[in-house]
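Welcome, and thank you for taking a look at this protein.

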Amino acid sequence: MVHYRSCSVHHLAFTGPSLKEGTKWYQGVFHCGYHSEKSYGAASYLIVQPEGNILVDSPRYTDRLARNIEMLGGVRYMFLTHKYDYMIPCRFSSKVCDYNKLSLVIRDDVADHKKWSKRLSCDRILHAKDVEFSTADVEVKLEGSGPWSLGDVIELIHTPGHTAGSVCLLYKSGKVLFTGDHLGMDESGCLSIMETYNWYSVPMQLNSVRMLLELDFEWILPGHGRKVGFADMEDKNSALEAFLAASRT
Ligand SMILES: [Zn+2]
């Protein structure tokens with residue numbers, strides 16, 4: 001089992017631009033709300049920082065959210081943790097479907113990235129291995145295995161497995177790791193790599209989880225599921241080791 005702390009998140013969709021002072025790590029990090037069915041309801045986050053704000057993954061596009069983001073200074077980079085297109089039968093969706101109503105295309109987890117890019121004039125970042133037709137025009141394509149830096153406090157870590165180009169964002173000053181679909185917590189409170197939704201390689205994903213032992217963070221903000229908090233790095237590594245040991249059996 002994973003230890004987790006209860007925590008309050010700023011929901012940008014509902015509370016507008018005010019930043020709550022006094023919280024150690026969430027200062028400057030917003031949960032955008034407006035989850036999009038096009039990205040399977042994935043969460044997106046906004047990091048507000050002097051070097052330029054970063055939107056992590058894509059919320060559903062709405063004017064209201066766009067105005068709130070602009071009031072916080074707009075966005076310099078839109079970082080996409082990963083991308084994989086797949087289709088589900090229309091009967092599982094209430095939305096109008098593509099391809100002659102046969103199926104709905106899910107763009108895992110990039111949703112309305114084009115609309116956001118146009119509205120906010122931001123550069124989108126995605127690993128080259130996850131670039132497909134619908135993301136061919138992203139401004140920054142990461143090549144190789146990194147890590148890559150965005151200023152002094154942001155590091156991008158290549159964590160292949162869920163997809164070939166999955167990348168986590170480490171917000172060093174907040175000790176927060178934005179994991180996309182690489183690692184999260186399941187309903188029973190255990191760390192999970194969501195094997196059912198693996199699009200590339202489970203062994204590689206587990207190997208990429210092992211790489212997280214080297215990183216200094218105390219929080220995981222995933223694309224799906226609950227936020228995960230650890231007491232400190234030792235606690236984080238104990239949880240990761242336990243998860244990896246259980247995954248070998
Ligand atoms: Zn995914």
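## A walk through the predicted model

Let us begin with strand E8, residues 123–127, where four of the five residues are buried, so E8 is largely enclosed by the rest of the structure. Please keep in mind throughout that this is a predicted model.

Strand E8 has partners to look for. Strand E5 (residues 77–79) pairs with E8 in the parallel sense, over three bridges. In that pairing, Tyr77 stands opposite Asp123 in E8. Strand E9 (residues 140–142) also pairs with E8, again in the parallel sense and over three bridges. Here Leu126 has Lys141 in E9 as its bridge partner.

Ser121 lies in the loop between helix H3 (113–120) and E8. The phi angle of Ser121 is near 50 degrees, a positive value in a residue other than glycine. Ser121 counts as exposed, with 10 C-beta neighbours inside 10 Å. Past E9, in the loop that leads from E9 to E10, you will find Pro147. The peptide bond from Gly146 to Pro147 is cis, with omega near 0 degrees.

**The chain as a whole**

The protein chain holds five helices and 17 strands. Of its 249 residues, 41% count as buried. Among contacts between residues at least 6 apart in sequence, 56% join residues at least 24 apart.

Strands of a sheet pair through backbone hydrogen bonds, either parallel or antiparallel. This open sheet has six strands in the order E10-E11-E12-E13-E16-E17, and its pairing is mixed. Strand E10 (148–150) and strand E17 (228–229) stand at the edges with a single partner strand each, so one side of each is left without a neighbour in the sheet.

How many of the residues of E12 are buried? Five of the five are, so E12 is largely enclosed by the rest of the structure. Val167, Leu169 and Tyr171 point one way from E12, Cys168 and Leu170 point the other way, and all are buried.

On one side, E12 (residues 167–171) runs antiparallel to strand E11 (residues 154–158), and five bridges join the two. The pairing of E12 with E13 is antiparallel as well, over three bridges. Some facing pairs from the strands described so far are listed here.

| Residue and strand | Opposite residue and strand |
|---|---|
| Leu156 | Leu169 in E12 |
| Glu155 | Leu170 in E12 |
| Leu169 | Phe178 in E13 |
| Tyr77 | Asp123 in E8 |

The hairpin of E12 and E13 has four residues between the strands, and Lys175 takes a positive phi near 55 degrees in it. Is Lys175 exposed, partly exposed or buried? Lys175 counts as partly exposed, with 19 C-beta neighbours inside 10 Å. The cut-off for a buried residue is 20 or more other C-beta atoms within 10 Å.

The last stop is a pair of helices. Two packed helices are described by the angle between their axes and the distance between the axes. For helix H4 (residues 202–211) and helix H5 (residues 233–248), the axes come within 10 Å and cross at roughly 155 degrees. That makes H4 roughly antiparallel to H5, because angles over 145 degrees count as roughly antiparallel. The crossing of H4 and H5 is left-handed.

Which residues of H4 meet H5? They are Leu206, Val209 and Arg210, which meet Leu240, Phe243, Leu244 and Ser247 in H5. By class, this contact has five nonpolar, one polar and one charged residues.

Finally, look at Ser201, in the loop between strand E15 (191–192) and H4. Ser201 is partly exposed, with 15 other C-beta atoms within 10 Å. Ser201 and His162 are 39 residues apart along the chain, and their C-alpha atoms are separated by 6.5 Å.

How values were computed:
Residues are numbered from 1 along each chain as its sequence is written. This is a predicted model: local features need pLDDT of at least 70, side-chain atom pairs count only at pLDDT 80 or more; totals for chains, interfaces and linings use all residues. Two strands pair if DSSP finds at least two bridges between them. A residue is buried if 20 or more other C-beta atoms lie within 10 Å of its own, exposed if 12 or fewer, and partly exposed in between; C-beta atoms are placed from the backbone. Two residues are in contact if their C-beta atoms, placed from the backbone, lie within 7 Å. Axes are lines fitted to C-alpha atoms, for helices over the stretch in contact, and angles run from 0 to 180 degrees between N-to-C directions. Angles under 35 degrees count as roughly parallel, over 145 as roughly antiparallel, 65 to 115 as roughly perpendicular and the rest as oblique. A crossing is left-handed if the near helix is turned anticlockwise from the far one by less than a right angle, and right-handed if clockwise. Ala, Val, Leu, Ile, Met, Phe, Trp, Tyr, Cys and Pro count as nonpolar, Asp, Glu, Lys and Arg as charged, and the others, Gly among them, as polar.
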